[in-house]
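Please review the structure shown here.

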Amino acid sequence: MIEFLSIPYSPELLQRTGEHLILVSIAMTVAILIGIPLGILITRYPKLANPILTIVNSIQTIPSLAMFGFLITVPLIGGIGKTPAIFALILYALLPIIRNTYIGMKQVKKGLKEAGKAMGMTGQQILILIEIPLALGVILAGVRVSTVICVGIATIAAAIGGGGLGVFIFRGISTVNNQLILAGAIPSALIALVADWGIGQLEKSFTQYEKPRPKSKKRISIILGAVGVILFSLFGLLYQQVFLGNQGSGTIVIGSKNFTESLILGEIIAQNIEYNTNIEVERQFNLGGTFICHEAVKNGNIDGYVEYTGTAFTAILNQKPISNPEKVYKKVKKSYDKKFNLEVMPSLGFENTYAIVIRQEDAQKYQIKTISEVGKYTPKWQAGFGHEFLAREDGYPGLAKTYNLNFARPPRAMDLGLMYRALADKKVDLVAGNSTDGSIPVLKLNILEDDQQYFPPYEAVPVFNQKTLKEYPQLKAVITELAGEISAAEMQQLNYQVDDRQGSITEVVQNFLTKKGLTP
């Protein structure tokens, strides 16, 4: 962690920590404003208790990643970014708050409420002056649990561009970098511990209502006031970022998928725009797979990202794989224009096709050079593939049929960043990677020849929302000047510098653009 803080990541660490705090603070503020009144409501109308508690209980059982993925397609509150992330966190925070409010209110002794009535107090006065103060300790216990849950789940928000400390965790997983994983996990754990301790202290103070202490009350008032001011300030800041967005600010958003090469290409596009225009660029990287990025650029949540023609042709357009690069490019360009109002730019100059990879020692031992030759060994081997590859038209199902690959056990589904390390460590024997990955030569792995030309061409092409290009006509020329500027060997070297040399993506891209003469 000390080494991490001494390099250029430290400003980003502060930024991501701030984003994490904002996500949790806004979600908890809204959850409290919804949850406590709901908890009180079901004490007044007992028939509503079971339906409401059943609904919030059901929400709690939904896996967080599935919730974030589902919200991408929901109108108004969906898409990518902070808004759907906050909405998901609110849903997860509701159960402990509603349940504890309900339990706390029900535990208030009936005799105390009757005494209030006898003194002439109204129902509202009994609620505010008797029930809520006596139930506050239990209510705060629910808030405490919800806060810790929110801090943990907020790390998943990075998968849909919500920011926060999860950005480091996802980046660390994709590059097999424990330093990055810890840089996200440790601050997140510390935030949870501090929040748990702080709310726990308030909870203890309010459960000691039978022995009031003036100093304790004064201290609690100061703490509550400070917390209120902080939450209000954070709410205003997030409101500006989420709901007002970049209106009139001359800012565009560049996205990327959640693997190293996509991050690098996104940064190349972003820096090239910054160097050659007065447009500010916001980066929404690590957005997950192909479909998340496609939905984001189609709906205008991001303005552009780099896609691969073969992926667009088979995964997005649902076409059967073909091997002619020019034909694939023309069909993708035409279909994206008509169906999605998206502009497909010229190729950046290299193709990153799927690559079937085995260890060099196995390739030499069994004299294997092609995918056809590996078929007779697969019954004794374990394969490892990415989730997307297992489901895609040009992925595992078609590959196994074309090359007659029969594995003794079903392939393991794993993150792209973990596959090569799993292969090198002999956890699996065959993986489907990318031909430009820098880890392949470093880990002494071997790419098998696609001798039956199963995989379609995968040329890297920038994809932009046409509305953005109309608003900023200078963008098209700036992006087009990158056409043909990156070779496959250069891309593999860039991946190597980031993955294996632990280089900063920003600096690696800056050096590359300078070397290519693309900076002013």
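The points below are grouped by topic.

This is a predicted model, in which local features need pLDDT of at least 70, side-chain atom pairs count only at pLDDT 80 or more, and totals for chains, interfaces and linings use all residues. Residues are numbered from 1 along each chain as its sequence is written, and side-chain values use heavy atoms, with hydrogens and water left out.

**Overall make-up**
- The protein has 24 helices and 10 strands, taken as DSSP runs numbered from the N terminus (helices H or I, at least four residues; strands E, at least two).
- Of the 520 residues, 51% are buried, meaning under 20% relative accessible area with a 1.4 Å probe and protein chains only.

**Nonpolar cores**
- A nonpolar core is a set of buried Ala, Val, Leu, Ile, Met, Phe, Trp, Tyr and Cys residues joined through side-chain atoms within 4.5 Å.
- The largest core holds 60 residues, and those touching the most other members include Ile254, Ile273 and Phe464.
- Helix H11 (residues 260-276) supplies the largest share of this core, 7 residues.
- Beyond its neighbours within four places in sequence, Ile273 is in contact with residues including Ile252, Val281 and Leu475; contact means heavy atoms within 4.5 Å.
- A second, separate core has 45 residues, among them Ile86 and Ala183.

**Strand S5 and its partners**
- Strand S5 (residues 354-359) is largely enclosed by the rest of the structure, because 6 of its 6 residues are buried.
- S5 pairs with strand S8 (residues 430-434) in the antiparallel sense over 4 bridges, pairing requiring at least two DSSP bridges; Tyr354 stands opposite Asn434.
- S5 also runs antiparallel to strand S9 (residues 445-448), joined by 4 bridges, with Ile356 opposite Leu448.

Technical notes
Buried < 20%, exposed > 50% of the residue type's maximum accessible area, 1.4 Å probe, protein only.
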